[in-house]
Amino acid sequence: MSEIKNRVASSPIVTIDLESFYEKGDRILFDLEPLLFQGLVVKEKEFRQQVKELDLSVYADKMVGIHCSVDAIIPTWALMLVAVRLREAAREVVIGDLKDLEIHLMAKALRQLDLEALRDKPVVVKGCSKLPVPDYAYGELVRLVLPVVKSLMFGEACSTVPVYKRPKVQGN
């Protein structure tokens, strides 16, 4: 009787699971609307005082997106002021909504990807995930790995969809 070989395990294919780049932790939104005068405008003196008096315990070790739920003109300095204050307690602060926060977190995580480990290898990007992986992550992954990989596929190791194959260089 011959030994059963696990061809998937012995394959040179590298699998990237974008879900593994998902930063665990609480994500919350900071809404500027309660700090606005009559819910419409920033009055600098009052706004600065309210930001100074924020209860930072709510944001401790959380990932925070700063946004405004009402249609108001918010000066950039006001957004920056809130970001500076929240940085005292929060793990991450982004000016934007939760989608912007996810994109920021994924971009930060993907910068840690060891591209040399993928050089000249076939790569599969895992297709199924339980956590919310933004579409941005797939595009950013393509941008990062395309210059180094031999091929790029999407799906599972047993069933993939080809996305890219490096063209063969014609010899003279």
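Trainee: What joins the side chains of Arg 27 and Tyr 22?

Mentor: A polar contact of 3.5 Å joins the side chains of Arg 27 and Tyr 22. The term needs a pair of N or O atoms within 3.5 Å; within protein, one must be able to donate a hydrogen and the other to accept it, and residues adjacent in sequence count only if both atoms are side-chain atoms.

This is a predicted model, in which local features need pLDDT of at least 70 and side-chain atom pairs count only at pLDDT 80 or more, while totals for chains, interfaces and linings use all residues. Residues are numbered from 1 along each chain as its sequence is written, and side-chain values use heavy atoms, leaving out hydrogens and water.

Trainee: Why does Arg 27 count as buried?

Mentor: Buried means under 20% relative accessible area, exposed over 50%, and partly exposed in between (1.4 Å probe, protein chains only). Arg 27 has 17% relative accessibility, so it counts as buried. Arg 27 is found in strand 2, a strand being a DSSP run of E with at least two residues, and a helix a run of H or I with at least four, numbered from the N terminus.

Trainee: What is Arg 27 in contact with, leaving aside its neighbours within four places in sequence?

Mentor: Arg 27 is in contact (heavy atoms within 4.5 Å) with Tyr 22, Met 63, Leu 98, Leu 101, Glu 102 and Leu 105.

Trainee: Which residues of helix 3 are buried?

Mentor: They are Leu 101, Glu 102, Leu 105, Met 106, Ala 107, Ala 109 and Leu 110. Their cover includes strand 2 (27-31), strand 3 (63-67), strand 4 (92-95) and helix 4 (135-145).

Trainee: How do you know what span to expect of helix 3?

Mentor: The expected span is 1.5 Å times one less than the number of residues. Helix 3 (residues 98-110) has 13 residues, and from its first C-alpha to its last it reaches 18 Å, close to the 18 Å expected.

Trainee: What makes Asp 97 a cap of helix 3?

Mentor: A side-chain oxygen of Asp 97 lies 3.1 Å from the backbone nitrogen of Lys 99, capping the N-terminal end of the helix.

Trainee: Why is Arg 85 called buried?

Mentor: Its relative accessible area is 16%, so Arg 85 falls under the cut-off. Arg 85 is found in helix 2 (residues 76-86). Its side chain reaches the backbone oxygen of Val 51 at 3.0 Å. Apart from its neighbours within four places in sequence, Arg 85 is in contact with Val 51, Lys 52, Leu 54 and Leu 56.

Trainee: Is Asp 71 buried or exposed, and how do you know?

Mentor: With a relative accessible area of 81%, Asp 71 passes the cut-off and is therefore exposed. Asp 71 lies in the loop between strand 3 and helix 2. Asp 71 and Glu 33 are 38 residues apart along the chain, and 9.2 Å separates their C-alpha atoms.

Trainee: What is phi of Asp 120?

Mentor: Phi of Asp 120 is near 60 degrees, a positive value in a residue other than glycine. Asp 61 is not a glycine either, and it has a positive phi of about 55 degrees. Asp 61 is found in the loop between helix 1 (44-52) and strand 3.
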